[in-house]
Amino acid sequence: MSRIKIRYLIQKGNCYYWQPSTRLRTLGWESLELGTNRRAAIDKAEEQNRILDAWRKGDAATPEKSPGEYTMNDLATAYLESPRFKKRAANTQKDYKYKISLIKAWAGNVPVEAITRGNVHNFYEALCAKKGLRMGHAVIAILRLLLQYAVDAGKIRINPAARPKTETPDSRDIVWTPQEQNHMVKTADNMQKKAIGTAIICGACLGQREADILSLDWNKYSHGFFRLKQQKTDRWIEVPAHKTLKERLAGLIPEVGGLIVKADSYGGKMRQSYFSHEFQKVRDEAAKTMPSCARLKFLDLRRTAVVRMAEAGCTEAEISSVTGHKIETCRQILETYLPRTSRMAKNAINKVEAIEETAWADRF
């Protein structure tokens, strides 16, 4: 019989086997029995080699788990039970769990050691094609975090998702205009969705995250001030209510221990998914008569509040006292939250002109 030249194809007695190298077996590739028919065995071996080659190029996240091997499912379970995860805010945990579910769907049964940079690259491109650049970037960030946890736990030596070549999504720089804000609030009220209008005013005037706005209750509002503990940072802040917000609250009926922003239909707390759905309804209706509203998102209101304070000449420390950012990181964060506006540029030139006028007056 002629010598078999197909990679990893061997014959033992009358039976043929696809038998990968020791290194491949440690990465989860198992030997396969291919039967006694030589021609059929060759075809099966060639097909298995094509699968192997695709994996080596990063086109597949196979192989399946071998007994005792540490898989991505094992890693995800370990991380979700770790103090690193449990110390994060509830909404952050929820977000991480969703992204980890996408990772597990991609490579749950794959040994962590078998994942290559090529696998990560192709997973990223598939995510971007299906869910968009922003989601692709965010999921890979969580994958990098998971694999770093595996490195720290001694499960792998190198993080294949470290410094991936991904396209950083453009930061949103949308700032609501006063006209857009007023139009959205009026539209919400006309649609009998007053809670959405109240939430918009709270977001624009307090500069807090959506989760904190939805958790506001009347006990946190006293003598014109809101005192609340931010869910994401665990930081207490005390913020005076803007006159626009005071006027809005004056038109509501306060309830002891009751929520300020609550579902109009059933009077209870709105889940963020329900709130997003209701907000979108208001936005779509508002856009019919003011098309620029179609671009708005509720999360833009935090940025809007920061920009308005900066345009008013507030210092970084003053802004951080409202938003809850650490003072030492406020400047870095403002690079994201604070797009440069023409009004700010005008304020700067006006200040320079005022100083120059004084200087010239003193000179003569």
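**A buried lysine and its partner**

Tutor: Lysine 193 is buried, its relative accessible area being 13%. The model is a predicted one. Lysine 193 makes a salt bridge with glutamate 278, and the closest N and O atoms of the two are 2.6 Å apart. Glutamate 278 belongs to helix H12 (residues 272-287), while lysine 193 is in the loop between helix H8 (178-190) and helix H9 (194-206), so the pair ties together parts that lie 85 residues apart in sequence. Glutamate 278 also counts as buried, because its relative accessibility is 8% and the cut-off for buried is under 20%. The contact belongs to a network: salt bridges with shared partners join Lys193, Glu278 and Lys281.

The helix that carries glutamate 278 can be checked for length. H12 has 16 residues, which at 1.5 Å a residue should span 22 Å; the C-alpha atoms at its ends are 22 Å apart, so the two values agree. Glu278 is one of the buried residues of H12, together with Phe275, Phe279, Val282, Arg283, Ala286 and Ala287. The buried residues of this helix pack against H8, H9 and helix H10 (210-214). H8 and H9 are also the helices on either side of the loop that holds lysine 193.

For comparison, consider two salt bridges from another helix. A search of the whole structure gives ten salt bridges. One of them joins the side chains of aspartate 43 and arginine 39, with 3.0 Å from N to O. These residues are separated by about one helical turn, because they are four residues apart in helix H2 (residues 38-57). Aspartate 43 is partly exposed, at a relative accessible area of 38%.

The other pair is glutamate 47 and arginine 50, whose closest N and O atoms are 2.7 Å apart in a salt bridge. Both residues are in helix H2, three residues apart, or about one turn of the helix. Glutamate 47 is partly exposed at 38% relative accessibility, and arginine 50 is partly exposed at 49%. An α-helix has 3.6 residues a turn, so residues three or four places apart point the same way.

Aspartate 43, glutamate 47 and arginine 50 are partly exposed, whereas glutamate 278 and lysine 193 are buried.

Key:
Residues numbered from 1 in each chain as written. Predicted model: local features only at pLDDT ≥ 70, side-chain atom pairs only at ≥ 80, totals over all residues. Heavy atoms only, no water. Salt bridge = Lys/Arg side-chain N within 4 Å of Asp/Glu carboxyl O. Buried < 20%, exposed > 50% of the residue type's maximum accessible area, 1.4 Å probe, protein only. Expected span 1.5 Å × (residues − 1). Contact = heavy atoms within 4.5 Å.
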